[in-house]
Amino acid sequence: MTVDVFTQTALLGNPVAVVLNADGLSDTQMQAFARWTNLSETTFVMQPSADGLAAGADYLLRIFTPAGELAFAGHPTLGSCHAWLAQGGQPRNPDQVLQECKKGLVPITASAQGALFFEAPSLDSQEVPEAELAPVLQALGLAREQLLMARRLYNGSAWLGLLLDHPDTVLAVEPDFGALKKLDAKAGLAAIYEEQEDAPLIGRSSREARAFAKQAEEAAQGKSASTHPQLEVRALIGETASEDPVTGSLNAALAQWLTGKGLLQTPYTAAQGVCVGRDGQVHVQTGNNGKLWVGGHTITVTSGHVLL
C-alpha cells in the first residue's frame with residue numbers, strides 16, 4: 001500500500017510505501033525497492049523476532065530511505081500500522097498495536113476520531129557548538145539572531161533541532177541543499193505561534209484556502225473544525241537534498257525538547273508541509289502513562305501487489 005500520513009485529505013500529507021508480508025526479503029532487495037520508490041521512506045512488515053514476540057510485538061518493521069535504513073521514523077510507523085490493520089492485522093493487546101523496530105518496541109493506539117498515535121521513543125540530545133551552527137545557518141540563509149535555541153536530537157533518526165524566532169522565519173527559509181549535504185545536516189526548523197496569532201503571511205493564501213474548504217466540509221458533516229497550529233515545522237535533509245513534507249520523528253523529538261523546556265504544553269498541533277504544497281497536521285498529547293504521544297490521520301492512496 002501507499003499510505004498518506006498526517007492528513008485527512010489524500011495527497012496533502014506524507015506518503016509511505018508499505019510492503020506487507022515481506023518475510024524472506026534480503027536487505028539488498030529492500031534497499032533496492034526503497035531506492036526505486038524514491039519516497040522519503042519505504043517500509044517492510046514482517047513477523048516479529050523471537051525476542052519481539054516474547055515481548056508482545058505484533059510485527060517487525062524495517063524502515064528504509066533511498067539511501068539507507070533507519071532505526072525509527074514516525075510517519076512510516078503510523079502508515080505501516082494503518083496498512084497492517086487494513087489487511088486484517090489483529091493486535092495481541094486489544095488496546096494497542098506493538099511495533100518492533102531497530103529502535104525497540106513502539107506502542108501505537110487509535111483515538112476516538114480515528115487518528116493513530118505512537119509513543120515518542122526515548123530521546124538523546126546534546127548541545128551544539130557555535131562553530132558547528134555557523135555553517136548550517138549560512139546554508140539556511142539565517143542570521144544568528146533569528147535562532148533562539150539549537151539542540152542535537154536523536155530518537156532513531158538524527159536531527160539538528162533549530163528553534164527560530166517566528167513562524168514566518170521558518171517558512172521564508174530557502175535552503176542551499178548542496179551546502180547542507182556537504183555538512184551532512186538534517187535540519188529540523190520550528191517556531192512557536194504566539195497565542196491566537198494569525199497564520200503566517202508566507203503560505204497563508206494556500207493554507208487558508210484549504211482550511212476554509214475543509215472547515216466548510218466539516219461543518220456540513222457536523223464535525224468540529226480543525227484547530228490552529230501552535231508550532232510551525234520544516235524538515236530539510238541534506239543527504240537527499242529534499243524537504244520532508246511531514247515528519248513524525250522530528251515532531252516527536254521537538255515535542256520532547258520544547259515541552260521539556262516549558263515552551264509548549266500538550267495537547268498541541270504542529271503544522272508542516274506548506275512550503276512543498278502539503279497541509280500536514282501533527283497532534284501531540286500526553287498519555288495516561290505520562291509520556292508524549294504523536295499522531296495524525298492516515299489514508300490509503302494505492303493498494304496492490306509488488307513483485308520482488
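Predicted model: local features only at pLDDT ≥ 70, side-chain atom pairs only at ≥ 80, totals over all residues.
Strands β6 and β7, covering residues 97-101 and 104-110 respectively, run antiparallel and are joined by 5 bridges. The two strands form a hairpin with 2 residues between them, and C101 has G104 of β7 as its bridge partner. Strand β7 is also joined to β8 (residues 116-119), again in an antiparallel arrangement, through 3 bridges, among them the pairing of I108 with F118. In this second hairpin, 5 residues lie between β7 and β8, and G114 in the turn adopts a positive phi of about 95 degrees. The loop between β7 and β8 also contains S111, which is classed as partly exposed because its relative accessibility is 22%. Although S111 and G295 are 184 residues apart along the chain, their C-alpha atoms are separated by 9.0 Å.

The bridge partners I108 and F118 also belong to the largest nonpolar core, which comprises 48 residues and in which Y59, I108, F118, L231 and L254 touch the most other members. Helix α8, spanning residues 248-260, gives the most to this core, with 7 residues. When neighbours within four places in sequence are left aside, the contacts of I108 include Y59, T77, L78 and C81, residues Q96, V97 and Q99, the β8 residues L116, F117 and F118, and W293.

Several backbone exceptions occur in loops. Most residues other than glycine have a negative phi, and most peptide bonds are trans. Against this background, F6 has a positive phi near 70 degrees and is placed in the loop between β1 and β2, whereas N38, with a positive phi of about 60 degrees, is found in the loop between α1 and β3.

The structure contains 7 salt bridges. In one of them, E130 is paired with R144, with the closest N and O atoms 2.7 Å apart; because E130 lies in helix α4 and R144 in the loop between α4 and β10, this pair ties together parts that are 14 residues apart in sequence. Both partners are partly exposed, E130 with a relative accessible area of 46% and R144 with one of 37%. Helix α4 also takes part through E132, whose side chain meets that of R152 in strand β10, so that parts 20 residues apart in sequence are tied together, with an N to O distance of 2.6 Å. Here too the residues are partly exposed, the relative accessible area being 32% for R152 and 36% for E132. The salt bridge between R234 and E243, in which the closest N and O atoms are 2.8 Å apart, is formed by residues that count as buried, with relative accessibilities of 4% for R234 and 15% for E243. Finally, D27, R62, E69 and K102 are linked in a network of salt bridges.

Definitions and conventions. Residues numbered from 1 in each chain as written. Heavy atoms only, no water. Pairing = 2+ DSSP bridges. Core = buried A, V, L, I, M, F, W, Y, C linked by side-chain atoms within 4.5 Å. Buried < 20%, exposed > 50% of the residue type's maximum accessible area, 1.4 Å probe, protein only. Contact = heavy atoms within 4.5 Å. Salt bridge = Lys/Arg side-chain N within 4 Å of Asp/Glu carboxyl O.
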